[in-house]
Amino acid sequence: MTSPLRIALIGAGVMGRQHFQHLQNLVEAQLCAIADPGPRAADFAAECGVPYFADHQQMLAQARPEAVIVANPNALHVSTALDCIAAGVPVLLEKPVGVHLDEVRELVAASERRGVPVLVGHHRRHNPLIARARELIEQGALGRLTTVTALWQVQKPDSYYDIAWRREAGAGMLLTNLIHDLDLLRHLCGEVRQVQAITSNGVRGFANEDSAAVLLQFEGGALGSLTGSDAVAAPWSWELDSGENPVYPRQADQPCYLLAGTRGALSIPQLKRWHYAEDGAGWHQPLLQVQEGFEAGEALRRQLLHFIAVARGQAQPLISAADAGRTLALVEAIRQAAESGQACAPEII
């Protein structure tokens, strides 16, 4: 029998604790240490029954984990991951992969140079319904993908912004929330050639955006739109529609992505597919509806199992640092397009 993989956690905030909830239910791995300088982290480590370290480098040296989950603040992601790579420890790095493209390039180079894998936590790609949607697209069920409509529209409570950094530049919904949707659009629809965008902070007046409208041109020729706001009373978002996270009340009948092609269309997360009975039919003929099936599974749990395989050298990361860097480059292109009023292409990672 293979011994459980000894995984340390760097960052004991909301995401770190979510990872622990899934980790404690796996026989394939076990938590071996927690590193976080925060005032409540030591108590959390005591609850988990593992050693506590305020400094992650001390933890790497003394606890000697076989793998690490990095879930600390965004600005520390790359520097922390680099420390883990230097210690030869595989990393599951929470999204975003970084906050600047140059530091992501440094991370990619270090990972390749040392041969230490980095899996980035765009966990929605591990959701079986996304795997099924991608399979349908690749099988040609939609024909030539032509238009993509994506929605992320929710209302964050005022208390969300009691934490000061959430009101500052760079902490808006583009990097915090829409990056997930942009990553899925890349995963499902292919790379993005160029974007146009308008953003606004008109509702709250903070230093970051509370609304955004984005146009995307995909390399394959499809045209898309992503409309987002965290200041609206609306049911259209992955969080509310997918049921992936039980802390959000589910709106099961509402879509957040609508993909349409020359042979059919698909709504996500419902996985309802529409098509005509015969090719060449048109709007005078009834559309047929098919409910596509998939085997349900928790995305974060599946991500952890994948990470264990990556750390053991049994699999390549589904989302590498370079792959996640391309999503970050897309976010940066959207920011530049919104600021300049011009179409922008994502930088190459």
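Mentor: Happy to. Pro96 sits in the loop that runs between strand E5 (91-94) and helix H5 (101-114). Here helices (H or I, at least four residues) and strands (E, at least two) are DSSP runs, numbered from the N terminus. The peptide bond leading from Lys95 into Pro96 is cis, and its omega is near -5°.

Before going on, a word on the model. It is predicted, so local features need pLDDT of at least 70 and side-chain atom pairs count only at pLDDT 80 or more, while totals for chains, interfaces and linings use all residues. Residues are numbered from 1 along each chain as its sequence is written, and side-chain values use heavy atoms, with hydrogens and water left out.

Now to the loop between strand E12 (265-268) and strand E13 (272-275), where you will find Pro269. A cis peptide bond links Ile268 to Pro269, with omega about 15°. Leu271 also lies in the loop between E12 and E13. Its phi is near 55°, a positive value in a residue other than glycine. Leu271 is buried, at a relative accessible area of 0%; buried means under 20% relative accessible area, exposed over 50%, and partly exposed in between (1.4 Å probe, protein chains only).

Finally, look at Arg64, in the loop between helix H3 (56-63) and strand E4 (67-70). Arg64 has a positive phi as a non-glycine residue, near 50°. This arginine is exposed, with a relative accessible area of 61%, whereas Leu271 is buried.
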